[in-house]
Amino acid sequence: MTATTQPPFQASADSLDPTDWNSVRQMGHRMLDDMVDMLAGLRETPVWQPMPPEARQALRGGALPTEPGDLDAVYQDFQTLVQPYGSGNSHPRFMGWVQGGGNPVGMLAELLAAATNPNLGGRDHAPIEVERQVIRWAAEMLGFPQDASGVLVTGTSMANLIAVLVARTRALGTDVRRTGLQGRRLVAYTSVEAHNCVARAMDMAGLGSDALRLIGVDAHHRIDLHALQAAIAQDTAAGLQPFMVVGCAGTVDTGSVDDLSALAALARTQGLWFHVDAAYGALAMLSPAQRPLLQGLSEADSVAFDFHKWAQVPYDAGCIVVRDAALHAATFASQPAYLQRSVRGMAGNQPWPTDFGPDLSRGFRALKVWMTLKTYGAAKLGQVVAHNCSLAQHLARCVDAEPQLERLAPVTLNVVCFRVKAQGVDLDALNADIVADVQESGIAVPSTTRIGGVLAIRVALVNHRTRQEDVQMLLDAVLAATQQRLASA
């Protein structure tokens, strides 16, 4: 049956189910075919294109729909107003930010998860066991003990907040959940290159972002251990209570990795909770070539990372793994009457995921992680990591060989930072315009950051679809935009 002759969708009088299930079946087949065609043809489409004003206005206008609409017309609106104007992170030449490209198995898993529609806050059902299996696999990947706890969350921002709260409980005891800080002044430490979500976690935990000490970095953009020790000593002498150090495994600006073994040793000596923000770097544990860079990760007290980055799972799929499961549960678990546990029936199977994080209503994001890992295998995902890092080294060599370009930071994993050089112009403004020009061309999407006080073009290679030819197209586009800018100047 073609799209023009399929039966119209019409809800029944007493529910949201259709009067004719075949209408849903046909529309579902059509949507699936269209999405598979979209993924198969990504390389031939623009990475990104700005929304026309009329499309933006169409999405902004209109009152709340009160009467039934036509599903076919709604889907057409999606195809014309939404699909063409996404961020483009599925595209092989999306290189601006550390965002995974998704995968077709994960897409199908989302359909299955939505159809079964379980709530993974707790209770006794198979989806809970799927998430527990994913957490065990995550612990194995990180080198954590198999009895470590963990939970899937929206992303590393939430995972870092959970880590701060667990560390706060360790420092002050479980009474802090009732009585608050009671004037006690906790301080934590991380590098100046840490993601801003670490400071936001301190803010949301009630400790204040000023209680996070941002420590300088060395020539390899790793946290300066001597400066860290000095800051801890200074705070202790001032009567403050150091409680946590956050290492970075793959910083957002340069992709650098702190000396995790040294941080682990220092944290043990000082009695600090050692947490690692490994948002994308954790998956480097699956690549034999990159794994040595993360030596010491297995010694952490907790690790936050995203399956939706280098594991290529569709958004969203963040994860927190904690070595001390009892402490983790003590930070969040509660049992009001409506959540009472039992040894029989659906109220069994404790502890529940809600005991390890703030959410009770939780979707089945574990399914897309589980199906991705079972279908592709850890070794294949490790190959993706290795390939991206190899492409980054190739791009770095190309930048170093081009007289008009200057590399601004070492390349540790998959991020390359450089800028265009020119005489007699504002280099920050020039490089910002070049990045916008390349983005608007639809050829590729780099981004910008600041390295050593100057604006840099940042290229983050994360997508499993990216090839060497894509890196070359990006570089050619940057150089072409440079020539156009300088000629017009």
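Lys 309 counts as buried at 14% relative accessibility, where buried means under 20% relative accessible area, exposed over 50% and partly exposed in between, with a 1.4 Å probe and protein chains only. The structure here is a predicted model, in which local features need pLDDT of at least 70 and side-chain atom pairs count only at pLDDT 80 or more, while totals for chains, interfaces and linings use all residues. Residues are numbered from 1 along each chain as its sequence is written, and side-chain values use heavy atoms, with hydrogens and water left out.

Back to the lysine: Lys 309 sits in the loop between strand E6 (302-306) and E7. Helices (H or I, at least four residues) and strands (E, at least two) are DSSP runs, numbered from the N terminus. Leaving aside residues up to four places away in sequence, Lys 309 touches Val 98, Gly 100, Ala 279, Tyr 280 and Val 462, with contact meaning heavy atoms within 4.5 Å.

Two strands are taken to pair if DSSP finds at least two bridges between them. E1 and strand E7 (residues 318-322) are joined in the antiparallel sense over five bridges, and Val 153 has Gly 318 in E7 as its bridge partner.

Axes are lines fitted to C-alpha atoms, for helices over the stretch in contact, and angles run from 0 to 180 degrees between N-to-C directions.

The helices also pack on each other: H9 and H10 meet at an angle of about 15°, their axes 12 Å apart. H9 and H10 are therefore roughly parallel to each other; angles under 35 degrees count as roughly parallel, over 145 as roughly antiparallel, 65 to 115 as roughly perpendicular and the rest as oblique. On the H9 side, Leu 225, Leu 228, Gln 229 and Ile 232 meet Ala 262, Leu 263, Leu 266 and Gln 270 in H10.

E11 pairs with strand E9 (residues 415-420) in the antiparallel sense over four bridges, and Cys 417 has Arg 458 in E11 as its bridge partner. Strand E10 (residues 447-451) also runs antiparallel to E11, joined by five bridges, among them one that links Arg 450 to Leu 455. The hairpin of E10 and E11 has two residues between the strands, and Gly 452 there takes a positive phi near 60°.

As for the cysteines, the count comes to zero disulfides, a disulfide being a pair of cysteine sulfur atoms within 2.5 Å. The sulfur of Cys 398 is 16 Å from the closest cysteine sulfur, that of Cys 417, too far for a bond. Cys 197 has its closest cysteine sulfur in Cys 248, at 9.2 Å, also too far for a bond. Cys 197 is buried, at a relative accessible area of 5%.
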